[in-house]
Amino acid sequence: MTTSPRRRRSEIVEVMRRRVLTGVSAGTLRRGDRLPSARDLAVEFDVDPRLVLTAYRVLSGEGLVEIRR
């Protein structure tokens with residue numbers, strides 16, 4: 001049985017949220033630090049890069065990350 005794209009996106013968002021918050025609290029991640037590319041995370045999560053971009057947009061909407069070109 002496969003996982004639905006919506007559920008998979010929620011899982012990725014949650015993992016990324018934890019990584020950002022853990023990095024900030026540990027002092028290994030600071031404002032302005034570059035996060036992994038969507039392509040790199042897509043390989044890690046074995047998903048389409050667009051799914052990772054959507055997750056980044058969710059985190060951006062929460063004010064946790066800033067999306068730059």
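The model is predicted, so local features need pLDDT of at least 70 and side-chain atom pairs count only at pLDDT 80 or more, while totals for chains, interfaces and linings use all residues. Residues are numbered from 1 along each chain as its sequence is written, and side-chain values use heavy atoms, with hydrogens and water left out.

A search of the whole structure finds eight salt bridges, each being a side-chain nitrogen of Lys or Arg within 4 Å of a carboxyl oxygen of Asp or Glu.

**First stop: Glu14 and Arg17.** Select this pair and you will find a salt bridge whose closest N and O atoms are 2.4 Å apart. Both residues sit in helix 1 (residues 5-26), three residues apart, which puts about one helical turn between them. Helices here are DSSP runs of H or I with at least four residues, numbered from the N terminus. Arg17 is buried at 18% relative accessibility, whereas Glu14 is partly exposed at 32%. Buried means under 20% relative accessible area, exposed over 50%, and partly exposed in between (1.4 Å probe, protein chains only).

**Next: Arg19 and Glu44.** Here the closest N and O atoms of the salt bridge are 2.2 Å apart. Glu44 belongs to helix 2 (residues 38-45) and Arg19 to helix 1, so this pair ties together parts 25 residues apart in sequence. Glu44 is partly exposed at 45%, and Arg19 is partly exposed at 40%.

**Then: Glu66 and Arg68.** Their side chains form a salt bridge at 3.0 Å, N to O. Glu66 is exposed, with a relative accessible area of 57%, and Arg68 is exposed at 57%.

Select Glu14, Arg17, Arg18 and Glu62 together: salt bridges with shared partners join them into one network.

Notes: Helices (H or I, at least four residues) and strands (E, at least two) are DSSP runs, numbered from the N terminus.
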